[in-house]
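Have the viewer open and click along as we go.

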Amino acid sequence: MKKLLFLSSLVLALALGSCSPFSLVNSETYNDADLASYKTFHIVSPADGQLPPGMQMVTYYNIAAAIREQMIMRGYTEDPTSPLLVNIGLTVHKEIDTEPALPPGYFPYSGPYYNGYYPYFMYPRAAYWDSYYANARVITGIYKEGVLTMDMVNIREKLPLFSASVATILENGNAQFRDLSGIAEAVKTLFSRFPVPLEPQYRPQK
């Protein structure tokens, strides 16, 4: 019940983007990835794993639609056979702050969580986790409540390419996500430091 109430609060906060600020927690490119060299993408679906606890399908569809829009505006084409997978993770529980990252392989996948660590990814992050964040430090805030995380992975090679997280302030309430405006603002923040710019026709007019 606590997790369901949290998701309702997060969804409400995202839906009320005009009064709930979003902040970029992190935005990192991994393995010297040249993201501009990829021309296609595909977004994780429930068929690749399962939704985070308490997430409704409408919430997933709204997040996917906002990501799709950002990718298309950067010149990518959606293709279900693309090696570029966009994975979605959601933090549904406050677990840790900043801790030293543990050696590769420390986070075996056992059920929906990684030994109690968050966020919960639709496609199991353990499938590509071993090859990054080794000998690094987990960025403060990723594991706190109210964080939406997006990974981009070359799924054929299980190679992490990019990750970004956005946080929002949680508010009391029990509303379902009803439109794209709030989530679009959050996802726009996720892409605010993405290394591939918007196509000229989508850039803000000066």
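What follows is a short tour of side-chain pairs and their surroundings.

Some ground rules come before the tour: this is a predicted model, where local features need pLDDT of at least 70 and side-chain atom pairs count only at pLDDT 80 or more, while totals for chains, interfaces and linings use all residues. Residues are numbered from 1 along each chain as its sequence is written, and side-chain values use heavy atoms, with hydrogens and water left out.

Let's start with the rings. A pair of aromatic rings is described by the distance of the centres and the angle of the planes. Here, rings of Phe, Tyr and Trp (its six-membered ring) pair if their centres lie within 6.5 Å; planes under 30 degrees apart count as stacked, over 60 as edge-to-face and the rest as tilted. The structure holds four such aromatic pairs. One of them joins Tyr60 and Tyr61, a tilted pair with 5.4 Å centre to centre and 55° between the planes. Tyr60 has 7% relative accessibility, so it counts as buried (buried means under 20% relative accessible area, exposed over 50%, partly exposed in between, with a 1.4 Å probe and protein chains only).

Now click on Phe162 and Phe194, an edge-to-face pair at 5.0 Å centre to centre and 90° between the planes. Phe162 sits in strand E7 (residues 159-168) and Phe194 in the segment after helix H4 (181-190), so this pair ties together parts that are 32 residues apart in sequence. Helices (H or I, at least four residues) and strands (E, at least two) are DSSP runs, numbered from the N terminus. Phe162 and Phe194 are both buried, and ring pairs link Phe162, Phe191 and Phe194 into a cluster.

Arg74 is buried yet has no salt bridge, and the nearest side chain of opposite charge, Glu69, is 8.8 Å away. For that count, Lys and Arg are positive and Asp and Glu negative, with His and the chain ends not counted.

Which arginines do form salt bridges, then? By salt bridge we mean a side-chain nitrogen of Lys or Arg within 4 Å of a carboxyl oxygen of Asp or Glu, and the structure holds two. Arg68 pairs with Glu78, their closest N and O atoms being 2.6 Å apart. That bridge links helix H2 (residues 57-72) with strand E3 (residues 77-78), its partners ten residues apart. Arg68 is partly exposed at 28% relative accessibility, and Glu78 is partly exposed at 35%. Arg125 pairs with Asp151, with closest N and O atoms 2.8 Å apart. Here the loop between strand E5 (120-121) and helix H3 (126-129) is linked to strand E6 (residues 147-154), 26 residues apart. Both Arg125 and Asp151 are buried.

Asn154 also lies in strand E6 and is buried, with a relative accessible area of 7%. A polar contact of 3.1 Å joins the side chains of Asn154 and Tyr38. (A polar contact is a pair of N or O atoms within 3.5 Å; within protein, one must be able to donate a hydrogen and the other to accept it, and residues adjacent in sequence count only if both atoms are side-chain atoms.)

Last stop: Tyr120 in strand E5, buried with a relative accessible area of 2%. The side chains of Tyr120 and Gln50 make a polar contact of 2.6 Å.
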